[in-house]
Amino acid sequence: MSSIWLATTGTLRYSPPLGRGGHTRRDGGSTQWWLIVDGDPELGRYLRQQYWIGHHRTRSLQAPLWGTHVSVIRGETPPRPTAWKRLDGATVAFDYDPQAQQTQGYVWCAVRCPELLDLREELGLAREPQPALHLTIGNALPG
């Protein structure tokens, strides 16, 4: 990680649909108990371009299915669901480390946002998700 953190904003989306509005994932799972933050599409394009340039123009990335986003809750059923969707569509500010990292073909940037961690706690989930908060910018998977 770098020592430089940059600020941006995104929009909270609860139970985001896939494709034509369904919630069924390719692996058979559901997006019903997911919370993501939609990131700026232009920021995602810029970071994918920087990744391509940083790899001597030999490794391009596909945009994520949900576009550039932060996964806050990934299929965890909240013990206190009464607050679910309370902030749907709200704007949240967060900081990200512009130095992209890669895990199993997915490329992401670390994220810091106490407000998102507070939302997890409000729903009765562990404050720190596993994996930690990150801005997904693309993937280098075949196909």
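**Threonine 68.** I looked up the contacts of threonine 68 (contact: heavy atoms within 4.5 Å) and left aside its neighbours within four places in sequence. The list holds Val37, Asp38, Gly39, Asp40, Gly44, Arg48, Leu135, Thr136 and Ile137. This is a predicted model, in which local features need pLDDT of at least 70, side-chain atom pairs count only at pLDDT 80 or more, and totals for chains, interfaces and linings use all residues. Residues are numbered from 1 along each chain as its sequence is written, and side-chain values use heavy atoms, with hydrogens and water left out.

I placed threonine 68 in the loop between helix H1 (41-54) and strand S3 (69-74). Helices (H or I, at least four residues) and strands (E, at least two) are DSSP runs, numbered from the N terminus. Threonine 68 has 4% relative accessibility and counts as buried. Buried means under 20% relative accessible area, exposed over 50%, partly exposed in between, with a 1.4 Å probe and protein chains only.

**Strand S7.** I then checked strand S7 (residues 134-139). Six of its six residues are buried, so the strand is largely enclosed by the rest of the structure. I found S7 paired with S3 in the antiparallel sense over two bridges; two strands pair if DSSP finds at least two bridges between them. Valine 70 has leucine 135 in S7 as its bridge partner. Strand S6 (residues 106-112) also runs antiparallel to S7, joined by five bridges. Here alanine 110 is bridged to histidine 134.

**Cysteines.** I searched for disulfides (a pair of cysteine sulfur atoms within 2.5 Å) and the count was zero. Cysteine 109 is buried at 0% relative accessible area, and cysteine 113 is buried at 5%.

**Salt bridges.** I searched the whole structure and got six salt bridges. The rule is a side-chain nitrogen of Lys or Arg within 4 Å of a carboxyl oxygen of Asp or Glu.

Arginine 13 pairs with aspartate 38, with the closest N and O atoms 2.8 Å apart. Arginine 13 lies in strand S1 (residues 6-14) and aspartate 38 in strand S2 (residues 34-38), so the pair ties together parts 25 residues apart in sequence.

Arginine 86 and glutamate 122 meet at 2.7 Å, N to O. Arginine 86 is in the loop between S3 and strand S4 (91-96) and glutamate 122 in helix H2 (residues 114-122), so this pair links parts 36 residues apart in sequence. I noted arginine 86 as partly exposed at 48%, and glutamate 122 likewise at 32%.

Glutamate 121 bonds to arginine 127 in a salt bridge at 3.0 Å between the closest N and O atoms. Salt bridges that share partners join Asp118, Glu121 and Arg127 into one network.
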